[in-house]
Each structure stands twice: as structure tokens, then as C-alpha cells.
Amino acid sequence: MSRISRISRGIAAAMLAAMAAMPAFAQEGDEDEYQPELPDMSMYKAMLDANRQPGWVQFREFSGKQLIYFTALQTMRCRLSEVRYSVNSEALDKRFPLGPCDPQQPFNIPDSDDPGKFMYIELPPNGAKTLTIQVVWADGSGSEIVTYRPCDNVGESTCARIKKIAKPEHKLSAPTPEGQSR
């Protein structure tokens, strides 16, 4: 089985598991209309974990440019507050924009007049030797920090390899409820 097939199966399995556990709708008041409800945070965290190896980002050399895709993370945007990243360093000094959340279609890629706005960054050819990334969840907790590098000899297809995984120096955590003492 090819690497792409294994990656596709892994992503598909994570998406199916998330969709199967997704509550269909929540009723609000006495209205006949049901309101969409986002899947539980644990589903999103399982999806992030399942996508770590194939890549939270993907590198591609195309048409004289290097594109770095954030597509996998956009499918989780409804439970993310930010995506921190840095190119060729571990500073995490940049933020990638997240599209608006649509609770009726929480895993869809966001629409935009600018096709790259929520999908990729564009660099000169071979501009990124590494990309370090961390996601911050809506509850304020942060993921591990993963450094990816482009795959070797893949032509114009997309690919990423893990170079390093680190725990954050300053662990992000959920906010402390008001009135709770430490």
C-alpha cells in the first residue's frame, strides 16, 4: 500500500470516527427547529492526533513556488482558537488565519474569495526547510509543538515529515474559573 493510501485511510478513519460520534442536533426551547451542535472536543483532539504523522501541514513545490498547506487544521477550526507557526525556526511567531466556523458543516473547508487565504502560505522555491507548529484549542490548552520538514524527492505532490516533537516550555492550559483559588 502506498504512503498516500495509508495517509488517506488514516485521515478518512479519523473523520468517520468524529462524524459518527457527532451529536446530530440539539433542541433549543420549544421551537420545532433544531440547532446544530459541534462535536465534542475529544473528537477534534483525536483527529489532530491521527493527523500528526501524515502532517498537520503539507509542503509542495509548484509552479516556481513553495506552498505549505494548512488544510487538515482548517477542518478542525471550530474548536481551535489559533494556529501558531514559524518557518525555519521554533519561535512560533506567526499566526495562520482560521476560517469562520459553520456548526452545520464543522469539518468543511471554509469558503473565501481568496482561494489561498485559509489554505496555504506561499514562499520562494525551497524557502522552508522546516515549519514548526502548535495549535491552541478554544479552551486555551495547547498541543505539543511539532516541527515538520518537506519530504525528499516527491515532485509536485504534497508531503511532510516529522523532524521533531516537543512539549511546550510554557504549558498552555484551560483558564481557571473565577473565584477558584490555587
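Let's start with a rule for aromatic rings: rings of Phe, Tyr and Trp (its six-membered ring) count as a pair if their centres lie within 6.5 Å, and a pair with planes under 30 degrees apart is called stacked. By this rule, there are 5 aromatic pairs here. Keep in mind that you are looking at a predicted model.

**Aromatic rings**

- One of the pairs is Phe70 with Phe96, a stacked pair with 3.9 Å from centre to centre and 5° between the planes.
- Phe70 sits in the loop between strand E4 (65–69) and helix H3 (71–74), while Phe96 belongs to strand E6 (residues 94–96), so this pair ties together parts that are 26 residues apart in sequence.
- Elsewhere, Arg60 lies over the face of Phe62, at 4.1 Å from the ring centre.

**The nonpolar core**

- As background, nonpolar side chains tend to be buried together in soluble globular proteins.
- Here the largest nonpolar core has 27 residues, and the members that touch the most others are Ile68, Phe70, Leu73, Leu131 and Ile133.
- Which elements give two or more residues to this core? They are helix H2 (41–51), strand E5 (80–87), E7, E8 and strand E9 (145–149).
- Phe70 turns up again here: leaving aside neighbours within four places in sequence, Phe70 is in contact with residues including Trp56, Val57, Val83, Met119, Ile121, Leu131 and Ile133.

**The five-stranded sheet**

- An open sheet is built from 5 strands in the order E6-E5-E8-E9-E10, with antiparallel pairing.
- The edges are E6 and strand E10 (161–166), each of which pairs on one side only.
- Neighbouring strands of this sheet are turned by 30° against each other on average, direction ignored.
- E5 and E8 pair in the antiparallel sense over 7 bridges, and Ser86 has Thr132 in E8 as a bridge partner.
- E8 and E9 run antiparallel and are joined by 3 bridges; here Ile133 finds its bridge partner in Val146 of E9.
- How many residues of E9 are buried? The count is 4 of the 5, so E9 is largely enclosed by the rest of the structure.
- H2 lies across E8 and E9, running at about 170° to E8.

**The three-stranded sheet**

- Another open sheet has 3 strands in the order E3-E4-E7, again with antiparallel pairing.
- E3 and E7 are the edge strands, so to speak the two that each pair on one side only.
- The twist in this sheet averages 25° from one strand to the next.
- E3 and E4 pair in the antiparallel sense over 5 bridges, and the bridge partner of Phe62 in E4 is Lys65.

**Loops worth a look**

- Where is Ser63? Ser63 sits in the loop between strand E3 (58–62) and E4.
- Ser63 is not a glycine, yet has a positive phi of about 55°; this residue is exposed, with a relative accessible area of 55%.
- Asn126 also has a positive phi of about 55° without being a glycine. You'll find Asn126 in the loop between E7 and E8, where it counts as partly exposed at 47% relative accessibility.
- Gly127 is found in the loop between strand E7 (120–123) and strand E8 (131–137), and is partly exposed, with a relative accessible area of 27%.
- Which residues does Gly127 touch, not counting those up to four places away in sequence? They are Gln66, Val87 and Asn88.
- Gly127 and Val87 are 40 residues apart in sequence, but their C-alpha atoms are 8.5 Å apart in space.

Terms used. Residues are numbered from 1 along each chain as its sequence is written. This is a predicted model: local features need pLDDT of at least 70, side-chain atom pairs count only at pLDDT 80 or more; totals for chains, interfaces and linings use all residues. Side-chain values use heavy atoms; hydrogens and water are left out. Rings of Phe, Tyr and Trp (its six-membered ring) pair if their centres lie within 6.5 Å; planes under 30 degrees apart count as stacked, over 60 as edge-to-face and the rest as tilted. A charge sits over a ring if NZ of Lys or CZ of Arg is within 6 Å of the ring centre and within 35 degrees of the ring normal. Buried means under 20% relative accessible area, exposed over 50%, partly exposed in between (1.4 Å probe, protein chains only). Contact means heavy atoms within 4.5 Å. A nonpolar core is a set of buried Ala, Val, Leu, Ile, Met, Phe, Trp, Tyr and Cys residues joined through side-chain atoms within 4.5 Å. Two strands pair if DSSP finds at least two bridges between them. Axes are lines fitted to C-alpha atoms, for helices over the stretch in contact, and angles run from 0 to 180 degrees between N-to-C directions.
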